[in-house]
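Me: I've got a structure open and a few things to ask about it. Can we go through it piece by piece?

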Amino acid sequence: MAAPAPEHRHELETIDLYINVGPQHPATHGVFRMVLTVNGELVEDCDPVIGYMHRGNEKLPENCDYRQAIGYHDRTDYLAQFNTEWTFCLAVEKLMGLEVPERAEYIRVILGELNRVASHMMWVGAFGTDVGFFGTPFMYAFREREVIQDLFEAVTGERMMYNYFRPGGVAWDLPDDFEEHCRYVIEHVRRGIDDLDALMTDNEVFLARCRGLSPVTPEQAINWGLSGPMLRACGVRHDLRRAEPYSIYDRFDFEIPVGTQGDVYDRYLVRMEEMRQSLRIVEQALRQMPRNGPIMAAGLKRVLRPPPGEVYARTESPRGEYGVYIVSRGGDKPWRHKVRGASFCNLSPLREMVVGNYVADAIIILGSIDIVLCEVDR
Amino acid sequence: MSEGAATDQALPPVLERVREALPDIPFQYVPTPLDPAVVVAREHLLPFMTALKEDERLAFDYLRCLSGVDYLDELEVVYHLRSFRHGHTIAVKVRMPADDPRVPSVVHLWKAADWHERETWEMFGIVFEGHPDLRPLLTEEGLGYYPLRKSHPLAEIEDWQENLLEEVERLAAVGAPAAAPEAVDERAQKVALAQKKAEVIKKAREEARAKGLSAEEERRYVQEALKRFEEEAAKEAAAAPAPAAARPSPADERAQKVALAQKKAEVIKKAREEARAQGLSGEEERKYVQEAVRRFEEEMAAAPAPAPPPQPPAAQGKAPLTPAERAARIALAQKKAEVIKKAREEARAKGLTGEEERKYVQEALHRLEQEGEGG
């Protein structure tokens, strides 16, 4: 049969097509759904639909006392548990005017930074799968994450929901061999990052798919409320650890990696460098940490009752600014407990980032945001 | 809002700048541990926020967080802002009466406000006027209530149901013991039957085990036992006279008891809310509630004559929902959900686009509301 003449092919009428991605879809990293309007391969509109994981994580702690609420933060961002617990504890400490003992601060920094590495590892692995490396980076990254999780398990007794930080300090002291164990982890992970680097960073396919994809300007990023690696990839040198130092971050020497283009590739580079910087911080903290001493502020009552007031505490979590806004009216429960999820804010301009790209690239763009749906939906 | 109170305090440098840039707009300074906060009147919010963003001296270009807060009689929206150019931060608070929850949207200033405002709208019922697309974000459409308001119960709803059930059972047992043994409602009967059945099954299974039967035989054995039990139960039911017709009106009695229990449950709920509002601890709250229940019971004992039977439907706006109202609301929401579903299916069948479909559904909802008002 003869093929139709080329001019006929041009006259073919095209119509807009809806593609429903998710909520059960391997590329959405959780129960997230986006309704794409596509014209051929081009995305013309994108309507993100969230809320499948909404459990009322803001309301529930309003019915718990302050220490019970910590567990809900583990479950808000389940990849950056220490960082979220930390933010909440920071909020309560600011409300009550608590001083955290030195050793507890160092413990928090070490665990928080390792948690950042573990979270980024998870991201690199999953992102590699998004881009098309099936399996290899995922396995490489998970090997390293596993090493870190072993350390966390040794400290807290838990693999995922640590519940280890408390307002005023940490729950109990580190195991005896922590320092040794931690140094082993640093060495192991450092090599692992190099492996991943060699595998991905200069890879031809990876470059072709990521470079120049969905560039975001600094002005846009700030107006959209992006934070964390998403914001830094756009060239904004903003890190809460430096810009609004909390805890003891003013004592460490580390760099804030920034990108130049704000594209997907820069987001990857920023995260890779952040892992190295986090390991640097951990090494310094291990050197400086007092070998013994109190790990909990003295004189705390069994039930915490912050005085009436309000505070918006924020920390630099792996995904960006994780904020906790607490209004206290003097009781043993927070009157209002708001969580500003970093990936909630990073995900909200998804439409702007995706429209105009190809469908296959939309998946990569979504992956590059590093969303945790539990934190988005709360 | 008194300007005098605001000027008395020593202002932090950021707020000095705000005052300099906005001499005409009064605000009240509220110190918080991290960011200086200001309270602004609602009518001044938009010019205030615009100046915060646009003025060179302030340049708050980053909206980091937007939260709603329910203070029972008032609602509040809190904006946390940061300036990348100057490195300073501020929290802007705007309050509104709970029965008039409107506030201008700031999406045109900070795109970041988009999802925050949608979420605050669905969780608190605060309408952000001028928001381009104020749809619910996390929950489905037509929820009919605002989950993060203090009036929306969390633990209370279970407690409330439990209290109600306990009370009904207690009254049923105490109130009319000899006269109405069958006053237990159908559900209780069913439960009792199910429990008996479970016992029969358990016993039969144990017997089968004791006899060392195989799994297949055991199943058959249990089935036979059940069959025997059911036959017996059917015989009993046939033999028993139908007592319901003979008795005067157990339903009325029961309704009264239920009403009493409901009243009690409401007293509990109210006391708990008051305790929450006063910021009492868990222990104190429990005591407070117990006290309220005791007072209520004393009142009921002092006035044994049943309360005026038909309760006038009080037209108070903010009173907590009675169970009937709640049921009506749920029914309405269900009806709405059905209408939405049907309209959506129709729209799909007609092949409408997403935008048209949304409009179609809204129209259907609108028709439903009009019908409700008409009938």
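**A sheet in chain A**

Reply: Start with one pair of residues: I326(A) has H337(A) as its bridge partner in β8(A). Keep in mind that this is a predicted model.

Me: How many bridges join β7 of chain A to β8(A), and do they run parallel or antiparallel?

Reply: Five bridges, and the strands run antiparallel. Strand β7 of chain A covers residues 320–328.

Me: What order do the strands of that open sheet have?

Reply: The order is β6-β7-β8 in chain A, three strands with antiparallel pairing. The average twist is 10 degrees from one strand to the next.

Me: Why is one side of β6 and of β8 of chain A left without a neighbour in the sheet?

Reply: Those two stand at the edges, β6 at 309–317 and β8 at 336–340 of chain A. Each has a single partner strand, so one side has no neighbour in the sheet.

Me: Which helix packs on the sheet?

Reply: Helix α3 of chain A, residues 81–96. It touches β6 and β7 of chain A, and its direction makes about 150 degrees with that of β6(A).

Me: Zoom out. How many helices and strands are there in chain A?

Reply: Chain A has 15 helices and eight strands. Of its 378 residues, 54% are buried. Among chain A contacts with a separation of 6 or more, 71% are between residues 24 or more positions apart.

Me: Now F138(A). Where is it found?

Reply: In helix α5 of chain A, residues 136–156.

Me: Why does F138(A) count as partly exposed?

Reply: Because F138(A) has 18 C-beta neighbours inside 10 Å. A buried residue needs 20 or more, and an exposed one has 12 or fewer.

Me: What is F138(A) in contact with, leaving aside neighbours within four places in sequence?

Reply: G125(A), A126(A), G128(A) and T129(A).

Me: Switch to the contact between the chains. How many residues does it take from each?

Reply: It takes 38 from chain A and 32 from chain B. On the chain B side, β3 (62–70), β4 (74–82) and α4 (113–124) each supply at least two residues. β3(B) gives the most, with six.

Me: And by class, what does that side of chain B have?

Reply: The side of chain B that touches chain A has 19 nonpolar, eight polar and five charged residues. The model scores ipTM 0.87 and pTM 0.68.

Me: Staying in chain B, what does β5(B) pair with?

Reply: Strand β2 of chain B, residues 37–40, joins β5 (residues 89–97) through four bridges, running parallel. There, V38(B) has V92(B) as its bridge partner. β4(B) joins β5(B) through nine bridges, running antiparallel.

Me: How many residues lie between β4(B) and β5(B) in the hairpin?

Reply: Six. G87(B) in the turn has a positive phi of about 75 degrees.

Me: Where in chain B is confidence lowest, and where highest?

Reply: Helix α1 of chain B, residues 3–8, is lowest, with a mean pLDDT of 44. β4(B) is highest, at 92. Chain B averages 77, and 78% of its residues score at least 70.

Me: Which stretches of chain B stay under 50?

Reply: Residues 176–183 are one, with eight contacts beyond four places in sequence. Residues 305–318 are another, with three such contacts. Where pLDDT is low, the predicted coordinates should not be read in detail.

How values were computed:
Residues are numbered from 1 along each chain as its sequence is written. Chains are lettered from A and ligands numbered from 1 in the order in which they are written. This is a predicted model: local features need pLDDT of at least 70, side-chain atom pairs count only at pLDDT 80 or more; totals for chains, interfaces and linings use all residues. Two residues are in contact if their C-beta atoms, placed from the backbone, lie within 7 Å. Ala, Val, Leu, Ile, Met, Phe, Trp, Tyr, Cys and Pro count as nonpolar, Asp, Glu, Lys and Arg as charged, and the others, Gly among them, as polar. pLDDT is the predictor's confidence in each residue, from 0 to 100. Two strands pair if DSSP finds at least two bridges between them. Axes are lines fitted to C-alpha atoms, for helices over the stretch in contact, and angles run from 0 to 180 degrees between N-to-C directions.
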